Amino acid sequence: MAELTKEVYHDGVVKRLVQFSIIWAVLGMLVGVWLAAELLWPGLDFGQFWLSFGRLRPLHTNGIIFGFGVSALMATAFYSVQRTSNVPLFLPQLAWICCYGWQVIVLTGGLSLLAGWTSSKEYAELEWPFDIAITVLWVCFAVVFFGTIANRRIKNIYVSNWFYGGLIIVIAMLHIVNNLAIPVTIDNSSSIFAGAQDAIVQWWYGHNAVGFLLTGGFLGMVYYFLPKQANQPIWSYRLSVVSFWAFTYTYIWAGPHHLHYNSIPEWVQSLGMVMSLILLAPSWATMINGIMTVSKAWKKLTVDPALKFIVLALAFYGLATFEGPMMAIRSVNVVSHFTDWTIGHVHSGALGWNAMITYGTFYFMVPRMMGVPLYSVRLANIHFWLALGGTMLYIIAMWGAGISQGLLWLSIDEIGELSYSFNEVMAGMVPYYGLRLLAGLIFLSGTVIMAYNLFRTMYGRNTVAVSPPEVIDDIKGTAHNPDAVMGVSPDDEMPSAGKGVPA
Amino acid sequence: MKFHGVSLHRKLEKNMGLLIFGILFVSSIGGLVQVLPSIFQESLYTATENSHLYSATELTGRDVYIKEGCHVCHSQQIRPLLAEVERYGPYSRADEFVYDRPFLWGSKRTGPDLHRIGGKYSDAWHEAHLIDPRSVVNNSIMPSYPWLAEWQAADVGNIELKMRALQKLGHPYSEEDIAAASDEIEGLTQLDVLIDYLQILGTGFQGEAE
């Protein structure tokens, strides 16, 4: 076993991905704040085409999803897959190629959006040269991730890895199908789908980019980092199995709720609506599993910033996954569709859930990888309240704006005339848009504080060498992993999964 | 207590290949049952008298619309609701979009719907509005697009190649259409072609087919 102990986990690449992720978070949110300001003062583009709202908004969404989000997903996947498999990363050089290659794609892709290269499809705006590059990089990511699992020294594949695996596989499928196009010039292509069919395929992609990237991938974070930080096994193994498969099966159907009352067949809309409602069950099952896991460690919540962020993220996850199915009901969607309510819903997910859980994992990983305490717990606590306050204010402002838009646009007076002109309704949005700008600034300032805190923690230090713990064979001849956190509920016998949680 | 799904899962979580296959299988069912039939539904891709085949200038204008991200704030989809039909005109039909690659229905109305904007305002109004929206619409928050008046339409992609690609995808362009395309947009600004595109939006609608 002497050879084994010499192996160390490849955390350098994790650290670098965390750093890039933080940079994209700050930049992406800064662009978001700028966009919020442009909606109040349209002159803020200074007559520059590249600062124009229509070009900047895709930069914001892509920068956050693919820069901040995917970098964080790669970082946490690489960190946790090594520790749940008890083996260092497979092909670490390829992991480094993933890390830097992805940043090059996000950077050049972002610039191409400013230059007006766009396919117009939401969250798939990047043109075909980038689509090909993303596909190649994604395959590299899959090779490193699944290669590590294939090398594992633990018989069971841990639950967080099912979700990361789902992310990699399903996003690959969606990305390839939705971006099928005939290239025309380097910056232009023609979609092979047209009109209503293009819409159906796009929202099959769009909704499941939310589903498997922004939800599934980040649930992978929950299943690894929450039990580790709470020092408790997952509350129910059975619930995690059922919710994983129910989630993977159901999410895919929900896309057409983005097209209610649009020119697509009614059966497609109805099916999308019903499946969206059913989706509430696996979503909340996961939330309950997470909350129950932490329920024996409530006391830690008062002192531990990482756990605070993770638990709050679960609460917002519960909120967003309740609001989503409600908005997917046709009679609610009549009001919410095309309004700022949708923007608010997205941000209760993106700020409350995705950003918060990511922050929690960063506060968890960085001190451990550096082998030092966090530079300032006080700053992390300030960040927590800024993040919570900013998110709440944002959601409330957008509820106000969105619900008024929806109702006022539909309002008809007693003689059958429209009650309000479009312009009148939008003129009333100024206070809401002002609050939203403030909310964005608050959330961004929290993120900047975290960036300072974490970079101070990392500054001038290398990652400490961590070796996989020795594998102890148990009586059945299967392996117990002292570092694995697979939970076992009292009535639920698990063969060959370690029950222990490391100190 | 035995639960069949959990015992099946215990096999999957020990075998990576099976797990990958399981995820792929389970996640593709929805697409196969819901999306695939729509791809074969004739009424969603068959042209009718309501379908408008874009000319070279309109097609270029459409690419300007996409490049500037107009679809980020304007929908092109009128829902069959009383208030929407009153505000924007007849609700949108699937056969009006069979030549729309990509579709531009949008997901957010920071500005009004544009599906039936064609013919509602003069070219001069559009020109003034695109260059300085607040000169014609009080308290509009639309960006100004002064650069469109300076940029040449010919600089947007390559119209011949574009029409060839669309021809391959089934748009009935003749060889003469394609040969004449470059000359058609020669000398026009991006503002001109964008207005050409806006002015035909929704005007192809002839009423119900039956």
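In the predicted model, Glu96(B) and Arg116(B) are both buried, and their side chains meet in a salt bridge with an N to O distance of 2.8 Å. Glu96(B) lies in the loop between H4 and helix H5 (123-131) of chain B, and Arg116(B) is placed in the loop between H4 and H5 of chain B as well, so the pair ties together parts that are 20 residues apart in sequence. Chain B also holds a network of salt bridges, in which Arg79(B), Glu84(B), Arg109(B) and Asp113(B) are linked. Over all chains, a search of the whole structure finds 15 salt bridges.

Between chain B and chain A, the count is two salt bridges. One of these is formed by Arg55(A) with Glu68(B), whose closest N and O atoms are 2.6 Å apart. This pair crosses from helix H3 (residues 53-85) of chain A to the loop between H3 and H4 of chain B. Arg55(A) counts as buried at 1% relative accessibility, and Glu68(B) likewise counts as buried at 1%. Within chain A, a salt bridge joins Glu122(A) to Arg57(A), with the closest N and O atoms 3.4 Å apart. Because Glu122(A) lies in the loop between H4 and H5 of chain A and Arg57(A) in helix H3 of chain A, the pair ties together parts that are 65 residues apart in sequence. Glu122(A) is buried, with a relative accessible area of 12%, and Arg57(A) is buried at 16%.

The interface itself involves 88 residues of chain B in contact with 100 residues of chain A. The two chains bury about 7800 Å² between them, with 66% of this area on carbon and sulfur atoms. Gln34(B), Arg79(B) and Arg87(B) supply 10% of the area that chain B buries against chain A, more than any other three residues; of these, Arg79(B) also belongs to the salt-bridge network described above. On the side of chain B that touches chain A, two or more residues are given by each of helix H1 (4-12), helix H2 (16-39), helix H3 (56-67), helix H4 (82-88) and helix H6 (159-168) of chain B. The largest share, 18 residues, comes from H2(B). By residue type, the side of chain B that touches chain A divides into 45 nonpolar, 26 polar and 17 charged residues.

Thr118(A) is located in the loop between helix H4 (92-114) and helix H5 (128-150) of chain A, and it is buried, with a relative accessible area of 13%. Leaving aside neighbours within four places in sequence, Thr118(A) is in contact with Leu113(A), Glu125(A) and Glu127(A), as well as with Ile66(B) and Lys67(B). The side chain of Thr118(A) reaches the backbone nitrogen of Ser120(A) at 2.9 Å.

As for the cysteines, the count comes to zero disulfides over all chains. The sulfur of Cys99(A) is 8.5 Å from the closest cysteine sulfur, in Cys98(A), which is too far for a bond, and Cys99(A) is buried, with a relative accessible area of 0%. In chain B, the sulfur of Cys70(B) is 8.9 Å from the closest cysteine sulfur, in Cys73(B), again too far for a bond, and Cys70(B) is buried, with a relative accessible area of 13%.

Methods
Residues numbered from 1 in each chain as written. Chains lettered and ligands numbered in written order. Predicted model: local features only at pLDDT ≥ 70, side-chain atom pairs only at ≥ 80, totals over all residues. Heavy atoms only, no water. Disulfide = S-S within 2.5 Å. Buried < 20%, exposed > 50% of the residue type's maximum accessible area, 1.4 Å probe, protein only. Contact = heavy atoms within 4.5 Å. Buried area = accessible area lost by both parts, 1.4 Å probe. Salt bridge = Lys/Arg side-chain N within 4 Å of Asp/Glu carboxyl O. Helix = DSSP H or I, 4+ residues; strand = E, 2+ residues; numbered from the N terminus. Nonpolar A, V, L, I, M, F, W, Y, C, P; charged D, E, K, R; others polar. Polar contact = N/O pair within 3.5 Å; in protein donor to acceptor, adjacent residues only side chain to side chain.
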